[in-house]
Amino acid sequence: RDPEAARGYFQRASDHQPGWADVHHRLGRLAMQAGENAAAAQHLDQAMAINPDYLAARLDRVETILSGAPGVLEDHFNRLRQLAPAELAADVEDLDSLIVASNREAAVDLIGQLRAQLRSVHRERRAQAEQHLRDQKADEALVILDDVMEECGRFPDLLHLAGLAWAQKGDALKAEDHFREALGHNPRFVRARVNLGLALMDQMRLGDAEAEFLAVLDIVEDHPLALAALEELGVVSESPGGRHDR
């Protein structure tokens, strides 16, 4: 609701962690919305330098070039064609035809449709990954999640699902890595923090696990899973939302 304020926060995040492709992409999108295509192009180029397979950023970069920003349109479009999921292949070819015909307005409109379709495809794939996890098919879930994170960014919910898949495979260390990365994006992601605590318990790092569960209770009073885990660890709560001691 306040794009300029959002840009300030994302810029601070970028200054703090320059290698965060998703933040550069968001800064690029905000610059595009403000009509600052040259600035948008710089942010999008940074996102793709970090992750060359970042399809959503590549799609936005094509739009910035069509809107007058510098860049080699053919190179970006060819990479876009290579990265696009099969569900979008026909529309990508239609976009090519519009670009060749110099129909810029229609091409930009189609890019907006492709952006929405890409989000829809990712939602469907996320649902497929969740079903694979319910079916105890962790490897199949990871294949889908890795593809989606390459295309649209390493968002917290996707990282959390990948962490669950690694936990299901019995690799608590890789699960921990994914949960921690999700929490790096969103420290108040309760499910990720609970599952991080469980992954630490699996590694017998009980003190670290206790700290994570206590942190959960600082966010959600009387969280049942956190309380159950603390009870298993021999930690009791003195009062709802209060301090917790052995």
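Q: Okay, are H8 and H9 roughly parallel or antiparallel to each other?
A: This is a predicted model, and in it the axes of H8 and H9 come within 9 Å and cross at roughly 155°. An angle over 145 degrees counts as roughly antiparallel, and H8 and H9 are therefore roughly antiparallel to each other.

Q: Which residues make the contact there?
A: On the H8 side they are Ala138, Leu142, Leu145, Val148, Met149 and Cys152, and on the H9 side they are Leu158, Leu159, Leu161, Ala162, Ala165, Trp166 and Gln168. Sorted by class, the contact of H8 with H9 has 12 nonpolar residues, 1 polar residue and no charged residues.

Q: And what is the handedness of the crossing of H8 and H9?
A: The crossing in which H8 passes H9 is left-handed.

Q: Staying with H8, which of its residues are buried?
A: The buried residues in H8 are Ala138, Ala141, Leu142, Ile144, Leu145, Val148, Met149, Glu151 and Cys152. They pack against helix H9 (156-168), and also against helix H2 (21-33), helix H4 (55-66), helix H5 (73-83) and helix H7 (104-134).

Q: What span should H8 have, going by its number of residues?
A: Helix H8 covers residues 138-152, which is 15 residues, so at 1.5 Å a residue it should span 21 Å; its end C-alpha atoms are 21 Å apart, in agreement with that.

Q: What follows H8?
A: Glycine 153 follows H8, and the phi of this glycine is positive, near 115°.

Q: Let's switch to H10 and H11. At what angle do their axes cross?
A: The axes of helix H10 (residues 172-185) and helix H11 (residues 190-202) cross at roughly 155° and come within 9 Å. That angle makes H10 roughly antiparallel to H11, and H10 passes H11 in a left-handed crossing.

Q: What classes of residue are in that contact?
A: The contact of H10 with H11 has 9 nonpolar, 1 polar and 4 charged residues. From H10 the contact uses Ala172, Ala175, Glu176, Phe179, Arg180, Ala182 and Leu183, while from H11 it uses Ala192, Arg193, Asn195, Leu196, Ala199, Leu200 and Asp202.

Q: Which residues of H10 are buried, and what covers them?
A: The buried residues of H10 are Ala172, Ala175, Glu176, His178, Phe179, Ala182 and Leu183, and what covers them includes H9 and H11. H10 has 14 residues and reaches 20 Å from its first C-alpha to its last, close to the 20 Å expected at 1.5 Å a residue.

Q: New topic: is glutamate 212 buried or exposed?
A: Glutamate 212, which lies in helix H12 (residues 206-219), has a relative accessible area of 11%. Buried means under 20% relative accessible area, so glutamate 212 is buried.

Q: What is glutamate 212 in contact with?
A: Leaving aside its neighbours within four places in sequence, glutamate 212 is in contact with Arg180, Arg193, Leu196, Gly197 and Leu200.

Q: Last one: how many helices and strands does the whole protein have?
A: The protein has 13 helices and 2 strands, and its C-alpha atoms fill a box of roughly 70 × 40 × 25 Å, taken along the principal axes. Of the 246 residues in the protein, 44% are buried. Among contacts between residues at least 6 apart in sequence, 48% join residues at least 24 apart.

Key
Residues numbered from 1 in each chain as written. Predicted model: local features only at pLDDT ≥ 70, side-chain atom pairs only at ≥ 80, totals over all residues. Heavy atoms only, no water. Axes fitted to C-alpha atoms, helices over the stretch in contact; angles between N-to-C directions. Helix = DSSP H or I, 4+ residues; strand = E, 2+ residues; numbered from the N terminus. Parallel < 35°, antiparallel > 145°, perpendicular 65-115°, else oblique. Left-handed = near helix turned anticlockwise from the far one by under 90°. Contact = heavy atoms within 4.5 Å. Nonpolar A, V, L, I, M, F, W, Y, C, P; charged D, E, K, R; others polar. Expected span 1.5 Å × (residues − 1). Buried < 20%, exposed > 50% of the residue type's maximum accessible area, 1.4 Å probe, protein only.
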